Amino acid sequence: MFGWNWLISPCKILLAMEYDFQEIEKKWQKRWRARGSYKVEEVQGKEKFYVLDMFPYPSGAGLHVGHPLGYIASDIIARYKRHQGYNVLHPMGYDSFGLPAEQYAIETGQHPAITTENNIARYRQQLDQIGFCYDWDREVRTSEPSYYKWTQWIFSELFESWYNLDTDRAEPISSLEEKFTTNGTYNVNAAIDEHWWKLLTKEEFPFFSEHFSGEFTATDWKSLTDRQKQLILMHFRLTYLADSWVNWCPKLGTVLANDEVKDGRSERGGHPVEQKLMRQWSMRITAYADRLLRGLDTIDWSDSIKEIQRNWIGRSEGASIVFQVDSSDATIEVFTTRPDTVFGVAFVTLAPEHGLVDAVTTPDQKGAVTAYVNATKLKTERDRQSEQKSTGVFTGGYAVHPLTGKRIPIWIGDYVLASYGTGAVMAVPAGDQRDWDFAKTYNIAFTNIFEGVSVDESAHTEKTTPLRESSFLDGTCGKKATQLVVAKLEELGAGKGKVNFRLRDAVFSRQRYWGEPFPIFYKDGLPYVVDGQQVTLPDVDKYLPTEDGQPPLARAKKEDWNVFLGDHMEFNTMPGWAGSSWYFLRYMDPKNDQTFCAKDKAAYWGQVDLYMGGAEHATGHLLYSRFWTKFLFDRGYIAFDEPFKKMVNQGMILGRSNFVYRVIIDVKKVDESISDKEEWAASKEMEGFKRMDWAMRMNDTINSYCVSKEYVSDIEGSYVLSEDVYLKINQDLEKYNLALRSINRSLCISQIIRPNIDISFVDNDVLDVDSFKEKKIQFKNSKFIPGPDGKFRCSNEVEKMSKSKYNVQTPDELVERYGADTLRCYEMFLGPLEQHKPWDTKGITGVHGFLRKLWRLMHDQDNNLRVTDEAASADELKALHKTIRKVTEDLDRLSWNTVVSAMMIGVNELTDLKSSKRSILQPLVVLLSPYAPHLAEELWERLQGEGSVMDQMWPKWEEQYLVEANFTYPVSFNGKVRFKVDLPADMNAAEVEKAVMDNEKTPQYLEGKAPKKVIVVQGRIVNIVH
RNA sequence: GCCCGGGUGGUGAAAUGGUAGACACGAAGGACUUAAAAUCCUUUAGACAGCAAUGUCUGUGCGGGUUCAAGUCCCGCCCCGGGUACCA
């Protein structure tokens, strides 16, 4: 291919004689498939171990070397656990609904199912060649109707459930109806929007009076029509249809969940996102907020992910306080974490979107308020956040302080978010920096309520300062003051203690085609679950929204739907996280068409013991799957309420990009300057050039370039400088206080650019100029100027691996060149799994050499097996058992990288010992098999081991082979190691001390002083303090 | 700003409070070879002294501390990466 042809062909002949990885890997992959080696069944009584990878979205680009990192690590653990006798479930599948396939469909008209199918085939081929031990009979694809049938079923179950706060779990909606029928809302304590009843319309419920506050009797309930009952129940369901503020992304034509929005832009594509009120399906994840928080203490995940989830859930304790609007019935409810500062309230601020804005605005402020609200609407969330200064406007209205009865001005400010708390705050400038800033900006007077501190320069946010000007709170602070004030508020009915969460209910509708259709139809505007039949995705003529802005599914005609009920079907589809929220359960029972996962199988396999995946899903997938797991647990379908017992987040593999310096000659300038060529050749800049050996060549080239008219007329002509040349030129020009980029004028250089070079043409930073020029036409006519040694060296940089940076390293080439076993070992050898690290193939030869060395350990020069049944020597046993111990201990603490080193050391030692004993080599091969399964299997066969290497019991180390007769004690004086002394290992501390003190070298380091103290740590160190 | 990670040779890194730099890459030198590849051997943190074996000193981002002993634990900073943000 790219210039190693000359290198590969002679190599292959040689390699064929020894470690022929290509042959071996092909052979065993075929046999394992034929034997069904990775097939897994439930075996009662056999202990299980469930190792799971986050399943990939099958993108068109295929896998790069970063993807398999986690897969290899988990595969090693799966194989290791199998050696230890566990029944290991290690499945793989595809998260195959998603945007890219749909975008491609929009562009080309190709059905996303076809694109997806093709991409999956490519992924599968790439995965297969790396030798993973997946049980492919358990493969799942979220876009398969047989899979999403159950995603839809879970949705229906959520629809048919409500959250009972008294039992703290989800219950069937029928139990709620029963409560309503027997006792009305009495004793109903549900997770529900606090003021849900305000959303019931007068038209639907004409008999509910103005004073209706969400409470009704059994008689009331029974008198309602079915429609009215449904409208009420909708507010209690765990998935519900509601008008909510959503993140609307016009460019993508869909709404996004909070976790899909980063810095006010869509995570995919970076398009602007705006707030819009839309009727959408939502998931009542907030009902689980507290349990999601508490559950974190029971799972073994990284602290950082747990912390991200904690922050995302954002529990804060405080109080809700109600302010009566002056001369009105309306009330403003605020949430505060500092109820103790309530006497310092200087004003109340509403979010511009707050429902009461119109009501509290006085006629003379109307103009200003309307203008302000409209101006805010025009700004995106991002604009609002990036503004440094808070802005606002006075409404003219006043609220009444619940404790003092004082009139308090009501303002509107964009620092108050409609989506957090109640969308209104009580502003205490003395105790809150934002309120302080706002008060200063608009000159609002406020009281200092803190004893002995000044609030002239900034707010005072300490909670431990005694209060003043605070009526009955004077002199108290913190918890005590909070308790007092909450009790008082409750007594007055003006507020209560409250816990608030940042977590919002998750929007579940997407205005897209390639996703799960909802099992929902509408009649008279009310949604109903489709019963008894699965709704499959209908075909549409185009994958775009309709002219009137309806989602693509609205294009499907009645006959396109396999089920069509009521007035119309649901046009939205489910979001990407729907299918991935429960897939780990489906692997347990992937083909069941009676239920999502049989109860006994779920009971057998249980939680995922080790989950491997990226940390970027912290607030999406990882939170939603915990939520759905808890729900399925509540409803009795599974026996555990956390999906992933332990999780490891592999770090990103960064790409190593290569660059060249391309100097583009301005053709026009060349033409102009040909006449005064002499002049610029004599210029100061050229002096710098002439001083360089190879710059002379460049000088020549430039001359010839200028002379040759036809070359000049070719706009593709340019110089491409290697890094050496670029640096040298700059270095030399420095003497003249010049840089290459600044000498444009006289050299007719119009531009110097630094393009990324496709790394497949580069080996160890050296560019294969000929094949590169041949393949990349835009460089066809460029002159490449190499360094003094004739090699064209590129500069490099570490950045994210991406197609556009031409730094994507696919596993395919490496498997081709070194084999899957080498790739597997090398990816682990790179460093700690969790760390981000640059990909660099430099070291891969070392790992490949290790596998070769192992091969040679067992084979002679003619590639014949060289193994004997002689008894092993003590040294050989020691080398083996040392390796067993290190490999086992390191795998147990998931230290994948150090295992490779340990095996290298083992092989090096046994090579030095020229060990060829079967009793040594067989266990060694078992140790190797999780990392290099193909080679291990081949060697196992050659060693005439029984059965497959992957079913061998993991070797156990025996201390007896590890005991050393002697230990070399480092002897230190005042902590500095001075000499070493060899002593019997079983010598006790007192004897060691004596031996050291008697040592001839000891006096010289004591400098004549008497030792104050001698510390002997047996088998470790001796330290003499003097 | 706040919350998590991290900072060790030319490079990737190792080290459970106990000999810092294992293992590898790269580099330099050597053996084998017509040559190359492959393989093998030696050196490879820095500084100083010595013909040499060797010895001494410095050294894990910076400054303190605890300890017989600190890359590791504690306190205060600096830098890099990630998360998050008018969250009331």
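This talk covers aromatic pairs and charges over rings in one predicted model.

First, the ground rules. In this predicted model, local features need pLDDT of at least 70 and side-chain atom pairs count only at pLDDT 80 or more, while totals for chains, interfaces and linings use all residues. Residues are numbered from 1 along each chain as its sequence is written, and side-chain values use heavy atoms, with hydrogens and water left out.

Rings of Phe, Tyr and Trp (its six-membered ring) pair if their centres lie within 6.5 Å; planes under 30 degrees apart are stacked, over 60 edge-to-face, and the rest tilted. That rule gives 60 aromatic pairs. One of them joins tryptophan 411 and tyrosine 442, a tilted pair at 5.1 Å centre to centre with 45° between the planes. Tryptophan 411 is in strand S14, and tyrosine 442, 31 residues apart from it, is in the loop between helix H15 and helix H16. Helices (H or I, at least four residues) and strands (E, at least two) are DSSP runs, numbered from the N terminus.

What sits over the ring of phenylalanine 159? The charged end of arginine 237 does, 3.9 Å from the ring's centre. The rule asks for NZ of Lys or CZ of Arg within 6 Å of the ring centre and within 35 degrees of the ring normal. Arginine 79 likewise lies over the face of tryptophan 32, at 5.7 Å from the ring centre.

Methods:
Chains lettered and ligands numbered in written order.
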